[in-house]
Amino acid sequence: VQTAAGQIAAVVEQAFLAAQTDESLRRRVDQMTALTRISRELGNSLDLKSLLQLVHTEALRATRADCGIILLFETRTSTGQTPAIRFYVGDLPGGALSALEQRAAAQAEAIFVEDFKSAEYAPPHEGVQSAVVVPVLYRQQVTGLISLHARSAGRFDRDTVEVAQSLAAQAAVALGTALQYEEQTRRSEL
């Protein structure tokens, strides 16, 4: 009986590890697919709004978030001041940044909440149980946020944060390209 139990335990463990590997591999493939789509579009378009809409769509798909928002801030706000929203893609933003978004912007680091019932932050809107907020950094300055929400607790983990950070880097590239284009257009007009 002990020998049979040991063999059954080994088979169950192998099946569990295979399932974890499959899930991890599927997540990596989703991440690479999203980054490929965004990179391809970066070379074809200079429209920041459409590029950010693509990043938003891919972020929702790759992280399996139910909803979310990408916020871009005005680049000329002074340090310590609450950033003014330049524009957004996704959910309608509230009047001001939530405490979670303010902390992510102030610390320039990603924050995720597995369950708002046991968190120090209030959910961004009704029905949200978990969230991840990732800053968009351009020239070592927080120029925006990607905030993703889920209706179930525990939806996000460290892997999800990593995917969101990769997408935030793509959003920063899109922002940089658009700002350079705007500057070049302004100089041409002058």
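**Reading a predicted fold**

Tutor: Of the contacts in this protein with a separation of 6 or more, 58% are between residues 24 or more positions apart; contact means heavy atoms within 4.5 Å. It's a predicted model, where local features need pLDDT of at least 70 and side-chain atom pairs count only at pLDDT 80 or more, while totals for chains, interfaces and linings use all residues. Residues are numbered from 1 along each chain as its sequence is written, and side-chain values use heavy atoms, with hydrogens and water left out.

Student: What makes up the secondary structure of the protein?

Tutor: There are 4 helices and 5 strands, in the order α-α-β-β-α-β-β-β-α along the sequence. They're DSSP runs numbered from the N terminus (helices: H or I, at least four residues; strands: E, at least two).

Student: Why is E58 called buried?

Tutor: Its relative accessible area is 5%, and buried means under 20% (exposed is over 50%, partly exposed in between, with a 1.4 Å probe and protein chains only). So E58 counts as buried. E58 sits in helix α2, residues 48–63, and leaving aside neighbours within four places in sequence, E58 touches A34, R37, I38 and L167.

Student: How do you know how α2 and α4 are oriented to each other?

Tutor: α2 packs against α4 (residues 158–189) at about 175°, with the axes 10 Å apart. Axes are lines fitted to C-alpha atoms, for helices over the stretch in contact, and angles run from 0 to 180 degrees between N-to-C directions. Under 35 degrees is roughly parallel, over 145 roughly antiparallel, 65 to 115 roughly perpendicular, and the rest oblique. So these two helices are roughly antiparallel.

Student: What kinds of residues make that contact of α2 with α4?

Tutor: On the α2 side they include V55, E58 and A62, and on the α4 side V163, L167 and A171 are among them. The contact's residues divide into 12 nonpolar, 2 polar and 1 charged. Nonpolar is Ala, Val, Leu, Ile, Met, Phe, Trp, Tyr, Cys and Pro; charged is Asp, Glu, Lys and Arg; the others, Gly among them, are polar.

Student: What makes β5 a mostly covered strand?

Tutor: 8 of its 10 residues (141–150) are buried. In the protein, buried residues make up 37% of the 190.
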